[in-house]
Amino acid sequence: MTAKTRSEEYVEYLCKTSFLTLFTHQNPIGKKGKELCDCLVVCGNNIIIISVKEIEYKDTGDTTGMERWRKSAIDKSVKQICGAERWIRDVEKIERSDGRVITLPEKENRNYHRISISLGASRKLPYSWEDCNTGYVHVFDEKSVSIIFSMFDTITDFVNFLQEIEDLQKKDIKLIIEGGVEDLVALYIVNGNSIEFVDENGKKADMVFLADDLWESFKKSEHYEDIISERKKSYLWDWLIEYYTKDLLGERMFDMYNKKITNNELAFIEMALQPRDFRIQLSEAYEDFLNIVNKKIRCRMVKAYNRTAFVFLAGATEDRKRRGEELMMRCHVVRGIVDNITTVVGIAADRPGTSDVGYSSDFVYMYKPVWTEKDEETKQMMQKELGYFKDAIIRK
């Protein structure tokens with residue numbers, strides 16, 4: 001394996017910070033043992049293919065310098081991304097450079113996004129999108145890349161932003177950017193996570209023009225300060241995922257029933273798919289629950305993004321078997337009586353300062369389709385027989 005360049009290390013840092021360690025794969029191995037791309041992000045059904053090129057731009061006084069830089073920094077990057085995608089579409093697993101094997105989502109469910117991080121031109125070239133036959137390649141430069149990864153620092157927020165741009169292109173809405181993608185970031189946030197504009201008559205704009213000072217103006221606003229301040233509450237959720245990832249990758253997680261080491265990451269995928277706004281709510285609920293004064297409140301449920309509910313259970317490591325069984329039962333109850341929930345993730349842990357034998361955690365991942373009319377009788381039975389859990393579970 002070749003040594004990482006400074007720019008590749010920087011992009012790996014951005015990806016791990018935004019998408020977390022479990023889902024960031026630097027220099028994965030592709031066809032015939034060659035490097036597939038510079039970075040691959042896989043979380044849920046989302047696959048992000050990233051190519052990094054840092055080429056110094058040399059001004060020749062005419063178009064020659066621009067064409068040379070573009071060919072080396074963008075065209076080669078796009079070619080690598082397109083080749084990587086073709087190979088990924090035909091495989092079910094990918095090996096990382098460290099030997100760990102990554103299982104890809106089902107082929108029919110995959111959402112591909114392509115990013116070329118082309119550095120070295122220092123804004124001497126206009127911003128552009130590139131075509132990869134199967135979709136658009138987003139081109140980020142040295143200024144825009146850090147802004148985009150910091151403002152959309154969850155997998156869901158990030159791909160939603162990319163998808164909004166791609167949808168705009170598909171609708172043939174002309175987009176003119178005087179500055180960089182960061183101005184598009186500002187527009188997207190200020191416009192309620194949308195780039196489309198509708199006039200008072202309901203007619204959609206067919207052209208969007210962005211001045212080169214939109215991001216700088218937004219960064220000085222109270223709206224920006226409020227966003228940054230509010231987000232600070234949410235990073236407990238990121239810390240939890242990273243904390244448990246170390247145990248998972250260190251082969252320190254075991255199946256409750258067969259006692260064997262497990263690499264099941266489904267619960268952590270659901271945690272990572274939560275957007276930043278939902279992580280604020282989840283972090284506050286989890287921290288408040290663990291530190292709650294009234295120890296009689298053992299369980300709390302929080303409805304979250306994408307028809308997912310999280311169940312927090314406080315229980316002692318001394319009685320871990322019973323705690324795990326109770327967590328499973330409570331997750332079944334939530335799935336049975338809470339409408340519009342398809343996925344339940346349960347987390348059981350000791351409250352701080354309550355254990356004399358150490359601390360541990362248990363997880364439950366449960367997925368079932370939405371209730372149908374045929375299931376209504378079963379649902380009513382569960383509500384009747386297990387109703388005595390209801391108050392404790394759905395309290396917010």
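## Basis of the description

The model is predicted, and local features need pLDDT of at least 70, side-chain atom pairs count only at pLDDT 80 or more, and totals for chains, interfaces and linings use all residues. Residues are numbered from 1 along each chain as its sequence is written, and side-chain values use heavy atoms, with hydrogens and water left out.

## Helices α8 and α10

Helix α8 (residues 235–249) and helix α10 (residues 276–290) have axes that come within 7 Å of each other and cross at roughly 80 degrees. Helices (H or I, at least four residues) and strands (E, at least two) are DSSP runs numbered from the N terminus. The axes are lines fitted to C-alpha atoms, for helices over the stretch in contact, with angles running from 0 to 180 degrees between N-to-C directions.

On the α8 side, the contact (heavy atoms within 4.5 Å) is made by Tyr235, Leu236, Trp237, Asp238, Leu240 and Tyr244. Helix α10 contributes Arg276, Arg279, Leu282, Ser283, Tyr286 and Glu287. By class, this contact has 7 nonpolar, 1 polar and 4 charged residues. Here Ala, Val, Leu, Ile, Met, Phe, Trp, Tyr, Cys and Pro count as nonpolar, Asp, Glu, Lys and Arg as charged, and the others, Gly among them, as polar.

## Helices α4 and α5

The axes of helix α4 (residues 155–170) and α5 come within 12 Å and cross at roughly 100 degrees. This angle makes α4 roughly perpendicular to α5. Asn160, Phe161, Glu164 and Ile165 of α4 meet Val181, Leu184, Val185 and Tyr188 of α5. The contact of α4 with α5 has 6 nonpolar, 1 polar and 1 charged residues.

## Aromatic pairs and a charge over a ring

The count of aromatic pairs comes to 18. Rings of Phe, Tyr and Trp (its six-membered ring) pair if their centres lie within 6.5 Å; planes under 30 degrees apart count as stacked, over 60 as edge-to-face and the rest as tilted. Phe19 and Phe149 form a tilted pair, at 5.8 Å centre to centre with 55 degrees between the planes. This pair links distant parts of the chain, with Phe19 in helix α1 (residues 6–19) and Phe149 in helix α3 (residues 144–151), 130 residues apart. Both Phe19 and Phe149 are buried; buried means under 20% relative accessible area, exposed over 50%, and partly exposed in between (1.4 Å probe, protein chains only).

The rings of Tyr243 and Tyr244 have centres 5.2 Å apart and planes at 75 degrees, so this pair is edge-to-face. Tyr243 is partly exposed at 42% relative accessibility, whereas Tyr244 is buried at 5%. Tyr243 and Tyr244 belong to one aromatic cluster with Trp239, Phe268 and Phe363. Elsewhere, Arg351 lies over the face of Phe289, at 4.8 Å from the ring centre; a charge sits over a ring if NZ of Lys or CZ of Arg is within 6 Å of the ring centre and within 35 degrees of the ring normal.

Helix α3 is mostly covered, with 6 of its 8 residues buried. These are Ser144, Val145, Ile147, Ile148, Phe149 and Met151. Ser144 has 1% relative accessibility. Leaving aside neighbours within four places in sequence, Ser144 is in contact with Arg123, Val181 and Glu182.

Glu182 lies in helix α5 (residues 181–190) and is buried, with a relative accessible area of 2%. Beyond its neighbours within four places in sequence, Glu182 is in contact with Arg123, Lys143, Ser144, Ile147 and Trp215.

## Two partly exposed residues

Arg89 lies in the loop between α2 (63–88) and β4 (93–95) and is partly exposed, with a relative accessible area of 34%. Not counting residues up to four places away in sequence, Arg89 touches Lys107, Arg110, Tyr112, Arg114 and Thr134. Arg89 and Leu125 are 36 residues apart in sequence and 32 Å apart in space, C-alpha to C-alpha.

His223, in helix α7 (residues 222–231), is partly exposed at 37% relative accessibility. Leaving aside neighbours within four places in sequence, His223 is in contact with Ile189, Val190 and Phe218.

Notes: Parallel < 35°, antiparallel > 145°, perpendicular 65-115°, else oblique.
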